[in-house]
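Subject: Structure for you to look at

Hello,

Here is the structure I promised to pass on. Please open it beside this message and follow along; my notes come after it.

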Amino acid sequence: SLKVRGSWGIIGNEKISYYDRYSRVQSDLLAVLGNPDAPLPAASYGKNGNPDLKWESTTQTDLGAEIGFFKNRLTGEFDYYHRKTKDILVELSTPGHLGNGQGQKVRYNAASVLNRGFEFNLSWKESSGDFNYKVGILGSTIHNEVLTIGGSNSGIDSLLIGGYLGDGRPVTLSRVGLPIGAFYGYETDGIFQTQGDLDAYPHASQAEAGDLRFVDMNRDGKLDGLDRTYIGSPIPKFIFGFNAEVEYKGIDFSFDFQGQTGNKIFNGKEVVRPDPYNFEKHVFNRWTG
């Protein structure tokens with residue numbers, strides 16, 4: 001058997017706070033007035049709204065096929081998907097001179113993102129008297145890419161920063177041409193073993209022997225923020241699975257395996273406090289000189 005299918009559609013998303021479009025008054029304030037001075041309940045301009053907000057929308061195209069061979073003992077499904085989301089609703093920091101309050105963010109339709117890939121699902125089943133079994137494999141590829149940010153597709157000055165650690169440092173950067181939420185930081189190239197290594201290679205002012213050596217990406221002879229680069233994505237390139245079922249006279253057994261590959265994991269604890277406590281065994285193998 002063979003069945004070919006296809007679909008196309010648009011779906012909207014407005015799952016944000018209803019009040020994000022309105023500027024609001026902050027009322028939990030105090031003003032010092034009178035003679036003698038006394039603190040009194042007060043209110044002032046609070047958070048900026050964005051009256052130009054509109055729905056986020058996702059357009060998706062799917063093409064696929066279903067097959068069956070050997071009296072449907074072998075079956076399979078194959079699909080290609082192309083999913084584009086535009087006008088993504090994101091909260092962004094604004095300049096202080098806008099008077100938007102400390103730490104307040106404003107919601108914008110800030111970006112568009114593409115997801116595309118292939119999916120497959122194959123299975124084989126067999127019966128022989130009281131014995132039955134079935135095995136299957138499935139997988140999905142993912143290509144994720146930021147297409148535009150703030151209406152720009154130049155990718156030079158348009159970016160979104162996020163993924164903040166406990167000490168306030170950001171570790172992700174979304175830029176045109178990269179996966180959304182891509183990890184952004186310094187590449188490492190070993191450890192400074194001696195003072196001579198330190199003297200021969202650009203390093204941070206507080207670096208000592210035993211510290212990580214970060215790569216001078218632009219080769220300008222100094223280590224600074226311009227040497228940060230794309231260091232991986234948290235989004236897997238391939239998701240896969242395997243399953244099997246066995247049944248004999250009403251007694252059955254089944255299991256499933258699943259996994260993913262092609263993605264990175266950022267261990268924020270290793271950055272914020274890598275060695276004060278021996279919580280993890282690898283700390284025992286620290287550099288000793």
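**Aromatic rings**

At 52% relative accessibility, phenylalanine 253 counts as exposed; the cut-offs are over 50% relative accessible area for exposed, under 20% for buried and partly exposed in between, with a 1.4 Å probe and protein chains only. Phenylalanine 255, at 28%, counts as partly exposed.

Before going on, note that this is a predicted model, where local features need pLDDT of at least 70, side-chain atom pairs count only at pLDDT 80 or more, and totals for chains, interfaces and linings use all residues. Residues are numbered from 1 along each chain as its sequence is written, and side-chain values use heavy atoms, with hydrogens and water left out.

How many aromatic pairs does the structure hold? There are 13. Rings of Phe, Tyr and Trp (its six-membered ring) pair if their centres lie within 6.5 Å; planes under 30 degrees apart are called stacked, over 60 edge-to-face, and the rest tilted. One of the pairs is formed by tyrosine 80 and phenylalanine 118: the ring centres are 5.2 Å apart and the planes stand at 50 degrees, so this pair is tilted. Tyrosine 80 belongs to strand β5 (residues 74-93) and phenylalanine 118 to strand β6 (residues 105-128), so the pair ties together parts that are 38 residues apart in sequence. Strands here are DSSP runs (E, at least two residues), numbered from the N terminus. Tyrosine 80 is partly exposed, at a relative accessible area of 25%, and phenylalanine 118 is exposed, at 54%.

The rings of phenylalanine 253 and phenylalanine 255 also form a tilted pair, because their centres are 5.8 Å apart and their planes are at 50 degrees.

**Strand pairing**

Strands of a sheet pair through backbone hydrogen bonds, either parallel or antiparallel. Two strands are taken as paired if DSSP finds at least two bridges between them.

Strand β6 has several partners. It runs antiparallel to β5, with 18 bridges between them; there, tyrosine 81 has glycine 117 of β6 as its bridge partner. With strand β7 (residues 131-141), β6 pairs in the antiparallel sense over 10 bridges, and tryptophan 124 has valine 135 of β7 as its bridge partner. The hairpin of β6 and β7 has 2 residues between the strands, and glycine 129 takes a positive phi near 65 degrees in it.

Strand β3 (residues 38-45) pairs with β2 in the antiparallel sense over 7 bridges, and glutamine 26 stands opposite serine 44 in β3. Their hairpin has 4 residues between the strands, and glycine 34 takes a positive phi near 90 degrees in it.

An open sheet of 4 strands has the order β9-β10-β11-β14, with antiparallel pairing. Which strands are at its edges? They are β9 (159-164) and β14 (229-232), each of which pairs on one side only. Strand β11 (residues 182-185) is joined to β14 by 3 bridges, and tyrosine 184 stands opposite tyrosine 230 in β14.

**Loop and core**

The loop between β1 (2-13) and β2 (25-33) contains serine 17, and aspartate 20 lies in the loop between β1 and β2 too. Serine 17 is partly exposed, with a relative accessible area of 34%, whereas aspartate 20 counts as buried, at 6%. Apart from neighbours within four places in sequence, aspartate 20 is in contact (heavy atoms within 4.5 Å) with Lys47, Gly49, Asn50, Leu53 and Arg107.

A nonpolar core is a set of buried Ala, Val, Leu, Ile, Met, Phe, Trp, Tyr and Cys residues joined through side-chain atoms within 4.5 Å. The largest one has 7 residues: Ile88, Ala111, Val113, Val146, Ile149, Leu160 and Val176. The elements that give two or more residues to this core are β6 and β8.

Regards
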